[in-house]
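Here are my notes on this one, in the order I would walk through them with the model open. Have a look at it first, then read on.

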Amino acid sequence: ALLPFQLAVGIKGGIEVCVHAVRGILEKLPDWVLMEVDFENMFNEISRNGLLRECKDYCPSALPYVRQFYARTANVSLKVSKDDIIEFFLQLEQGVFQGDSWGSALACLLLLSFQKELKKRLADLGHEMVQLAIADDLHCLGDPAAITDAYKIIRQLAPPKDSGETAPEPWALKLKPPKVKLYSTRGIEYLDWAIPPDSRPAEVERCADGVRVVGAPVGTDDF
């Protein structure tokens, strides 16, 4: 299990745990804000070097097997039958394979490393924030100041693809700002007061009635 940050691996009913935790925190701490973070094409573009490093730290016994598939460059043979069998070799240098049972776990390990770095940097600023993730769905809960600084740090560690910046190792994650959402049980007016426009990018969506946490509604009774 990758507790307390990542609930997608080794936890029975991890999605339900995440949804109930988000609802409970917002109910008990109404001044806190929920920020939903989305990464661009995470499973296909994350760093393979980072995957191997995290595998070595968390599950070293699996490293020899995982390395066969996720070395920096792996050969994948695609055979197409016409008159003869033609072999094409794709040099894959990032991401995990679709359908690979290890792929999701490795990706979650890498995001866990990212979450730990985020926690450390926030602590250096005197902030405390709850992070709950289901695979690449990251939910951050904290007071407005913590959420504001968290977005800035995430933006630095995972620059958007259209920024022209290189996504740093060991994660190679890329933030998708238009998919980032903010929600407060106290409404839009509170969000605008607590996180004013000059403290947040214009593309970040403010949600009046609620958001969906891994598909489950979290918000007002009418949402």
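Before the first point, a working cut-off: "buried" here means under 20% relative accessible area. Also keep in mind that this is a predicted model.

1. **Strand β1, both sides.** I'd start with β1, which covers residues 33–37. It is mostly covered, with 5 of its 5 residues buried. In a regular strand the side chains alternate between the two faces of the sheet. Here V33, M35 and V37 sit on one side of β1, L34 and E36 sit on the other, and all of these are buried. So both faces of the strand are covered, given that every one of those residues falls under the 20% cut-off. Note that E36 is among the buried ones.

2. **Who pairs with β1?** Which strands are joined to β1 by bridges? One is β5, running antiparallel to β1 and joined to it by 5 bridges. Across that pairing, M35 stands opposite C140. The other is β6, also antiparallel to β1, with 3 bridges. On that side L34 faces Y183 of β6.

3. **The largest nonpolar core.** This core has 49 residues, and M35, F39, F114 and L173 are those with the most contacts inside it. The elements β1, α3, α4, α5, β4, β5, α6 and α7 each supply at least two residues. Which of them gives the most? That is α5, with 10 residues.

4. **Helix α4 and its buried face.** Within α4 (residues 63–70), L63, V66 and Y70 are buried. Seen down the helix axis, the buried residues of α4 fall within an arc of 65°, so they line one face. The spacing makes sense: an α-helix has 3.6 residues a turn, so residues three or four places apart point the same way. What covers the buried residues of α4 includes α3 and α5.

5. **A glutamate worth a look.** Is E54 buried or exposed? E54 belongs to helix α3 (residues 48–58), and its relative accessible area is 4%, so by the 20% cut-off it counts as buried. Not counting residues up to four places away in sequence, E54 touches C59, L109, L110 and S113. I'd check this spot by eye.

6. **Cis peptide bonds.** Two places to look at in the backbone. The bond from L3 to P4 is cis, with omega near 5°, and P4 is in the segment before α1 (14–28). The bond from E169 to P170 is cis as well, with omega near 10°. P170 is in the loop between α6 (144–157) and β6 (181–183).

7. **Positive phi without glycine.** N41 is not a glycine, yet has a positive phi of about 50°. Where is N41? It lies in the loop between β1 and α2 (42–45), and N41 is partly exposed, with a relative accessible area of 39%. V214 is not a glycine either, and has a positive phi of about 50°. V214 is in the loop between β8 (210–213) and β9 (216–219) and is partly exposed, at 27% relative accessible area.

Methods. Residues are numbered from 1 along each chain as its sequence is written. This is a predicted model: local features need pLDDT of at least 70, side-chain atom pairs count only at pLDDT 80 or more; totals for chains, interfaces and linings use all residues. Side-chain values use heavy atoms; hydrogens and water are left out. Helices (H or I, at least four residues) and strands (E, at least two) are DSSP runs, numbered from the N terminus. Buried means under 20% relative accessible area, exposed over 50%, partly exposed in between (1.4 Å probe, protein chains only). Contact means heavy atoms within 4.5 Å. The arc is that of the directions from the helix axis to the C-beta atoms. A nonpolar core is a set of buried Ala, Val, Leu, Ile, Met, Phe, Trp, Tyr and Cys residues joined through side-chain atoms within 4.5 Å. Two strands pair if DSSP finds at least two bridges between them.
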